[in-house]
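This briefing is meant to be read alongside the sequence and the coordinates. Please keep both at hand while going through the points.

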Protein chains: 2
Amino acid sequence: MSNWYANGASVAELAVDDRGLQYGDGLFETIAIRKGEPRLWSLHSNRLARGCKALAIKMPSDELLGDGIVHAIAASKLPDTYCTVKIILTAGVSRRGYARAESCTPTILFAAFATTPPPASFYRDGVETRICSTRLAMHSPTAGLKTLNRLEQVLARSELSENNLFEGLTMDADDNLICGTMSNVFFVRKQTISTPPIDSCGVAGVMREHLIASLAIQGQRVSLETMPLADLDTVDEVFLSNSQFGVMPVASCDAMRWGVGAVSREIMATMAKAGIVECQS
Amino acid sequence: MSNWYANGASVAELAVDDRGLQYGDGLFETIAIRKGEPRLWSLHSNRLARGCKALAIKMPSDELLGDGIVHAIAASKLPDTYCTVKIILTAGVSRRGYARAESCTPTILFAAFATTPPPASFYRDGVETRICSTRLAMHSPTAGLKTLNRLEQVLARSELSENNLFEGLTMDADDNLICGTMSNVFFVRKQTISTPPIDSCGVAGVMREHLIASLAIQGQRVSLETMPLADLDTVDEVFLSNSQFGVMPVASCDAMRWGVGAVSREIMATMAKAGIVECQS
């Protein structure tokens, strides 16, 4: 049975002519529902609004989005204390061709999914990762946005299928690390925390933004810095951020090993205080 | 009423969980049906196979594809003498997340659309174009392929909506011309014909390939050459290629004017002989 809903009604299917399928002409958000609330909602909503502006899709009202989330959870009978809601917003149904019809009405879909937090051992011991050979295209007009054009992530993710790695790190064509397939990445070197800029490729994650803001409140700055692959073995610590799992230390990447450092532990504590329950593990 | 068909049955809708919608995890082909035959079929089929290889989707058999095309035309009651068939092939339905389930079965959909050739005046007088401000991301892992990730073309095309221009030319971030939003582009300078390489971004069109091959038979070479925007006003002629309209001369691009040159006329005559009926206009 489908767990997708549109306008409060269950929908298993979407018109084949929808531009979301035809061209990936749309956006999505995957929201952690915690203690009855959509976590980091304002950040999700802001990114969706930026995407709508870039794609010239009408941004749905906050009320419509809020009602859709509440309804998807209620209809799914999942606990609103811990689950995930995905929103898909497309340009809607249109005639064939890249040009949208004037009359195009956006499609908006909601679904709730059961989810469990990663094991506490992942936060304690860190996770294993690798460098993906799939590269991210540079100077993308939709860099940072969460559009329905996600083939790069699909291809990079497929490189992890034959092993048990938690995540793969992706680079641009210039051998600079950008992000994980489903996460953003941070580096610690001599107490300095950095993360790669997301203005050429990759997705600007809401947890990345929340982490940068939470550290700023404490007077800790995260610098936006390019990280060439060649420099990766000179960093002291590596960690990931993602809307669902919060902040996760990276124990290793291919042959490089870092374990879990003091700064990563401190940051997890900060994030736990900032409401990211997973980081209490 | 939907004109989409799957397994010989009419389908107006697709599972929301299909990866084609969720991530653009799929491919398409838009085929000109002329005189009862899918024109340039082997080139379409080859590009689809290259896409399947890159995306690790099982390539459908030629029989399945052929039957699907024939059925879509018959069911649509459109004339098989002149119409268009679109094939969409996706990775299929899978659990949430970029990783595909092992058991993922590809989705394949067919539809026939009514179409008419462009007016003869377009071929005689050339068409008006502009330079789009939307840039194509560089070093794309899916460069050349016709995937369902087509936001760049959608965004570029939207720049034409307020005027009557036939096509927009797109550049990469280095100000090199790559292709049109729905076509490939060729330049003539001092009798030399060139077209930009499609190994970093853009779509490698089947008509582009057919044109290069048809000219080669005559001993005429098309060179793969980077064309910086700054050099565009030094070329003598510009023309476009596309599977549906064949070869079309470009009369102007923004303030640059070329009219229709002798080489473009010769090439249209060559293509008309090579079976592209539109070029007889």
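What follows is a short account of the chains, their contact, the domains and the sheets.

The model is predicted. Chain A superposes on chain B by a rotation of 180° with 0.0 Å of shift along the axis, at an RMSD of 0.0 Å. The two copies are therefore related as by a two-fold rotation axis. Both copies use the same surface, as 100% of the contact residues of chain A recur in chain B.

**Contact between the chains**

- The contact joins 44 residues of chain A to 44 residues of chain B.
- At least two residues each on the side of chain A that touches chain B come from strand 3 (13-15), helix 1 (19-23), strand 7 (107-113), strand 8 (127-136) and helix 5 (151-158) of chain A.
- Helix 5 of chain A supplies the largest share of that side, with 7 residues.
- Sorted by class, the side of chain A that touches chain B holds 22 nonpolar, 13 polar and 9 charged residues.
- Strand pairing also crosses between the chains: strand 3 of chain A is joined to strand 3 (residues 13-15) of chain B by 3 bridges, and the two run antiparallel.
- Within this pairing, A15(A) stands opposite E13(B) in strand 3 of chain B.

**Domains of chain A**

- Chain A is divided into domain 1, covering 4-113, and domain 2, covering 120-280.
- The C-alpha centres of domain 1 and domain 2 of chain A are 26 Å apart.
- Domain 1 of chain A gives 18 residues to the contact, and domain 2 of chain A gives 14 residues.
- On the side of domain 1 of chain A that touches domain 2 of chain A, the elements giving two or more residues are strand 4 (26-34) and helix 2 (41-55) of chain A.
- Strand 4 of chain A gives the most to this side, with 8 residues.
- By class, the side of domain 1 of chain A that touches domain 2 of chain A has 7 nonpolar, 7 polar and 4 charged residues.

**Six-stranded sheet of chain A**

- In chain A, 6 strands form an open sheet in the order 2-1-7-6-4-5, with antiparallel pairing.
- Strand 2 (9-10) and strand 5 (37-38) of chain A are at the edges with a single partner strand each, so one side of each has no neighbour in the sheet.
- Strand 1 (residues 4-6) and strand 7 of chain A pair in the antiparallel sense over 2 bridges, and Y5(A) stands opposite F110(A) in strand 7 of chain A.
- Helix 2 of chain A packs on the sheet and touches strand 4, strand 5 and strand 6 (82-90) of chain A, with its direction at about 175° to that of strand 4 of chain A.
- Helix 3 (residues 62-76) of chain A lies across strand 1, strand 4, strand 5, strand 6 and strand 7 of chain A, and runs at about 40° to strand 7 of chain A.

**Six-stranded sheet of chain B**

- In chain B, 6 strands form an open sheet in the order 2-1-7-6-4-5, and the pairing is antiparallel.
- The edges are taken by strand 2 (9-10) and strand 5 (37-38) of chain B; each has a single partner strand, so one side of each is left without a neighbour in the sheet.
- Strand 4 (residues 26-34) and strand 6 (residues 82-90) of chain B run antiparallel and are joined by 9 bridges.
- The bridge partner of T30(B) in strand 6 of chain B is K86(B).
- Helix 2 (residues 41-55) of chain B packs on the sheet, where it touches strand 4, strand 5 and strand 6 of chain B.
- Helix 3 (residues 62-76) of chain B also packs on the sheet, and its direction makes about 40° with that of strand 7 (107-113) of chain B.

**Strand 11 of chain B**

- Strand 11 (residues 184-189) of chain B has 5 of its 6 residues buried, so the rest of the structure largely encloses this strand.
- Strand 11 of chain B runs antiparallel to strand 15 (residues 237-242) of chain B, to which 5 bridges join it.
- Strand 11 of chain B is also joined by 3 bridges to strand 12 (residues 192-195) of chain B, again running antiparallel.
- F187(B) stands opposite V238(B) in strand 15 of chain B and opposite S194(B) in strand 12 of chain B.
- The hairpin of strand 11 and strand 12 of chain B has 2 residues between the strands, and K190(B) takes a positive phi near 50° there.

How values were computed:
Residues are numbered from 1 along each chain as its sequence is written. Chains are lettered from A and ligands numbered from 1 in the order in which they are written. This is a predicted model: local features need pLDDT of at least 70, side-chain atom pairs count only at pLDDT 80 or more; totals for chains, interfaces and linings use all residues. Domain bounds come from an automatic or database domain assignment. Two residues are in contact if their C-beta atoms, placed from the backbone, lie within 7 Å. Helices (H or I, at least four residues) and strands (E, at least two) are DSSP runs, numbered from the N terminus. Ala, Val, Leu, Ile, Met, Phe, Trp, Tyr, Cys and Pro count as nonpolar, Asp, Glu, Lys and Arg as charged, and the others, Gly among them, as polar. Copies are superposed by least squares on the C-alpha atoms of residues with pLDDT of at least 70 in both. A residue is buried if 20 or more other C-beta atoms lie within 10 Å of its own, exposed if 12 or fewer, and partly exposed in between; C-beta atoms are placed from the backbone. Two strands pair if DSSP finds at least two bridges between them. Axes are lines fitted to C-alpha atoms, for helices over the stretch in contact, and angles run from 0 to 180 degrees between N-to-C directions.
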